[in-house]
Amino acid sequence: MGYEIETALLKALLPAIIAAEDALARLDERVSHSPVGKGFSERAHYFDSVSALWVAGELVHVEDLVLHDVHMDSQAPSHELTIAAAILRTRRRLWAAEKNWPFTPGGLSALSGGEDSSAERLPVATSSSYEDNRDDVEDGFSSQLAEIDAVLARSQKLINSHFSPPPGEELVAPSIVKDNDPLGLFANEDWDEAKRLGQWRAAVDAADSLPPVLGAAMLFELWQKIEPLRRQNWLGGLLAEAYLRRSGKVSSHLFAFHVGLKSIRYERRRSRDRLTRLGAYLEAMTETAQTGLKEIDRLTIARTQLETRFRDRRSNSSLPKLAEFVLSRPLVSSGMVAHELGITNRGALNLLKETGIRELTGRGRYRAWGIL
């Protein structure tokens, strides 16, 4: 695997690198000093999650993800929505963790579905009464499990007596044989995920010698090339975002790389030419930063308008807290507002009416409000 960037390739990418570095620096500065920076960071989690699936060829509506996140689904969640929720949880986990944690062996193992061996295990305090009760419960379960095992043994013996194997052969449990699994759907011995993750992690040191945006683009390109985790291919983009935070390029929030990547044509993102691919990833970063600056402007204007509405309210009014909550979500429902503020559903509807924010659904029931 070639982790290095040739000098000729670096010179060709120099204009795109400068544009991306400048755009990301401007966005980071705006978010860190903006009064709506925290809300912008929260909203970015949702938009990047649905954009990651859009890049993978799946469509998930951001409003469905918001409702699913607070366990208020309007219908049974789809498989794609479940994946989007997993991406959302992973982004929040990356943001809450230390900057270098995703690139440690334990952190990368935890993100890929294993256990984080570096995590501290908290001791469990138990009392004598609790131990006594647990022993009684275990004794009761043991006797019941013993009865179940006896029934299963008798059933298996009866089945063997009716379906006896030919002389000289024994009954064996069915197993998946490699010849019966030519596509490797159940097991693929040639696809060593641990080895591939190790190869990808080894490239982090090489990326440190490059400009941060180019290092993140190279790590994302390598992830797409070797595909360490087939079931979690979306994790590569999130690790590229975490790398930008680790390098200090974007420290005010977790960068939403997929938001800009979905605006890049598939032919460029998956081109056989490495220069085209890396240029597309750098352009995606610039596009994300420009979109983020526009989003900051919209949220700032909306916040000013909301502050004008509750300027003369009493000091214990719930409107300021409602305004901060609305600015941190792509949309809100009356149930979400009621749960967040600790009020009734009717009270939430009255507060939403006083704020004057736009109702997005146009329905009489299952309504939602938000700032576009």
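Modeller: A residue is called buried when its relative accessible area is under 20%, exposed when the value is over 50%, and partly exposed in between, with a 1.4 Å probe and protein chains only. The model is predicted, so local features need pLDDT of at least 70 and side-chain atom pairs count only at pLDDT 80 or more, while totals for chains, interfaces and linings use all residues. Residues are numbered from 1 along each chain as its sequence is written, and side-chain values use heavy atoms, with hydrogens and water left out.

Biologist: Is His 33 buried or exposed?

Modeller: His 33 counts as exposed, because its relative accessibility is 60%. The residue lies in helix H1 (residues 7-33), where a helix is a DSSP run of H or I with at least four residues, a strand is a run of E with at least two, and both are numbered from the N terminus. A polar atom of the His 33 side chain lies 3.1 Å from the backbone oxygen of Glu 29. Along the chain, His 33 and Ser 252 are 219 residues apart, yet their C-alpha atoms are separated by 9.0 Å.

Biologist: How many helices and strands does the protein have, and what share of its residues is buried?

Modeller: The protein has 15 helices and two strands, and of its 372 residues 42% are buried.

Biologist: How should I read the length of a helix such as H2?

Modeller: The expected span of a helix is 1.5 Å times one less than its number of residues. Helix H2 (residues 37-55) has 19 residues and should therefore span 27 Å, which agrees with the 26 Å between its end C-alpha atoms. Because 14 of the 19 residues of H2 are buried, this helix is largely enclosed by the rest of the structure. Just after H2, Gly 57 takes a positive phi of about 95°.

Biologist: Which residues is Glu 221 in contact with, leaving aside its neighbours within four places in sequence?

Modeller: Contact means heavy atoms within 4.5 Å. With those neighbours set aside, Glu 221 is in contact with Arg 274, Arg 277, Leu 278 and Tyr 281. Glu 221 lies in helix H8 (residues 212-226) and counts as buried, because its relative accessibility is 6%.

Biologist: What share of the protein's contacts with a separation of 6 or more comes from residues 24 or more positions apart?

Modeller: Residues 24 or more positions apart account for 66% of the contacts in the protein that have a separation of 6 or more.

Terms used
Polar contact = N/O pair within 3.5 Å; in protein donor to acceptor, adjacent residues only side chain to side chain.
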